[in-house]
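Dear colleague,

Please find below the structure that I am passing on to you. I would be grateful if you could look through it before reading my notes.

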Amino acid sequence: MNAMDHDRLKENLSAFVDGELSADERRELKAHVAGCPGCARELQELQGVSSAVRAHGEEHAPAALGASILREAGRERGSADRYRASLVRAAAVLAAAAVLLVFLGNRFKPKLVDLVGGFVSGWSPATAAVGATKAP
Ligand SMILES: [Zn+2]
């Protein structure tokens, strides 16, 4: 190894740790570090700092907070979706009932009118009273 290589490669140590070197540069640096205790020590220090920075960047509290916010947002969205879905279902049922009623109404109009009329008159207080007096 020569001093120029050492200085040049030493400059690349942090880039190496950050994964910013090309494959060729990495190979060259590894070969140099293998035979250079100074660079090997510096690389170890840089890797220690790098992992400490990474660990700091991935602090658990903010990550948990972010996760809980996402979970809350998902729950909100989920319940809103369920509410909307139940409204859609109710509307669909009403629409189907309306269509069925129109269909039945057109097809059995006289019967339906009789049925509804009989039902309504059957529930009037007068007939209810008559029915009550007629009952054994
Ligand atoms: Zn070196």
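The notes that follow go from the overall fold to the core and then to one helix.

Please bear in mind that this is a predicted model. The protein has seven helices and zero strands, and its pattern along the sequence is α-α-α-α-α-α-α. Of its 136 residues, 7% are buried. Among the contacts with a separation of 6 or more, 51% join residues 24 or more positions apart.

The largest nonpolar core consists of eight residues: Leu9, Leu13, Phe16, Val17, Leu29, Val33, Cys39 and Leu43. At least two residues of this core come from each of α2 (13-17), α3 (23-34) and α4 (37-57). The largest share, three residues, is supplied by α2. In general, nonpolar side chains in soluble globular proteins tend to be buried together.

Beyond its neighbours within four places in sequence, Leu13 is in contact with Cys39, Glu42, Leu43 and Leu46.

The helix α3 also deserves a description. With 12 residues at 1.5 Å a residue, α3 should span 16 Å, and this agrees with its end C-alpha atoms, which are 16 Å apart. Its residues Leu29, His32 and Val33 are buried. These three lie on the same side of α3, because they cover an arc of only 95° around the axis. Ala23, Asp24, Arg27 and Ala34, on the other side of α3, are exposed.

With kind regards

Note on methods:
Residues numbered from 1 in each chain as written. Predicted model: local features only at pLDDT ≥ 70, side-chain atom pairs only at ≥ 80, totals over all residues. Core = buried A, V, L, I, M, F, W, Y, C linked by C-beta atoms within 7 Å. Buried ≥ 20, exposed ≤ 12 C-beta atoms within 10 Å, placed from the backbone. Helix = DSSP H or I, 4+ residues; strand = E, 2+ residues; numbered from the N terminus. Contact = placed C-beta atoms within 7 Å. Expected span 1.5 Å × (residues − 1). Arc of directions from axis to C-beta.
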